[in-house]
Amino acid sequence: MGKIKLSDSLILEADGANWGSSTNLPKGSILQTVYKETTTEKTQTSSTAAGWTGMATNITPISSTSHLWVWVNAVRLIVDTDSNEAQCYVTDGTNSSITYRFRNYDSDNNYKSFNPNVNWYWPQTHTAGTQITVTPYVASTDNSSNVIWGDNGSTSQMIISEIAQ
């Protein structure tokens, strides 16, 4: 592991492929990005949220003060039945992001599709060097109709960037 001290406030540490734990790049710098893709989907009919495990992504934070920026770029998000709502968020197993709500306001008694590309700037901090798993979750608020995030056979993606603070 090599270390360069540019000043008291800027230290770069790397092994040639990864930043080290004492790296303190300026606020807003991307420390790392991880990527996952899946050809699975998550269908949920319960108001109890369930994880889209095919999209769960591991990241090992470099800094204990960094924030995460999480993108879920799914090929579809469908909310079946009028007045039903998909509630989507991400979690690390302990903490959760804000929840986005996608409501079917139609009166045609069928499904409503949405632009399923969502992102969260998540100010939740994590322990440097300890791997976490970020998993998208979805619930169907009417407790009887489907919400479908992703599509079996088509590629959806999750991208997580660790942002220096």
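Is E85 buried or exposed? E85 is buried, with a relative accessible area of 3%; here buried means under 20% relative accessible area, exposed over 50%, and partly exposed in between (1.4 Å probe, protein chains only). The points below set this residue in its surroundings.

1. Ground rules. Please keep in mind that this is a predicted model, in which local features need pLDDT of at least 70 and side-chain atom pairs count only at pLDDT 80 or more, while totals for chains, interfaces and linings use all residues. Residues are numbered from 1 along each chain as its sequence is written, and side-chain values use heavy atoms, with hydrogens and water left out.

2. E85 and its partners. E85 forms a salt bridge (a side-chain nitrogen of Lys or Arg within 4 Å of a carboxyl oxygen of Asp or Glu) with R101, where the closest N and O atoms are 3.1 Å apart. The two belong to distant parts of the chain: E85 lies in strand β9 and R101 in strand β10 (residues 100–103), 16 residues apart. Strands here are DSSP runs (E, at least two residues), numbered from the N terminus. R101 is exposed, at 59% relative accessible area. R103 also forms a salt bridge with E85, with 3.9 Å between the closest N and O atoms. R103 sits in strand β10, 18 residues from E85 in β9, and is partly exposed at 27%.

3. The other charged group. The structure holds four salt bridges. One of them pairs R76 with D151, the closest N and O atoms being 3.3 Å apart. It spans 75 residues of chain, from the loop between β7 and β8, where R76 is found, to the loop between β14 and β15, which holds D151. R76 is partly exposed, at 24% relative accessibility. Through shared partners, salt bridges join E41, R76 and D151 into one network.

4. The four-stranded sheet. An open sheet runs in the order β4-β14-β8-β11, with antiparallel pairing; two strands pair if DSSP finds at least two bridges between them. Its edge strands, β4 (41–44) and β11 (112–114), each pair on one side only. Direction ignored, neighbouring strands of this sheet are turned by 15 degrees against each other on average. Between β8 and β14, which run antiparallel, there are three bridges, and L77 stands opposite W149 in β14.

5. Beyond its neighbours within four places in sequence, A86 is in contact (heavy atoms within 4.5 Å) with L77, V79, Y100, R101, F102, V138, A139 and V147.

6. Most residues other than glycine have a negative phi. T81, however, has a positive phi of about 80 degrees although it is not a glycine, and S83 likewise has a positive phi, near 70 degrees.

Terms used: Axes are lines fitted to C-alpha atoms, for helices over the stretch in contact, and angles run from 0 to 180 degrees between N-to-C directions.
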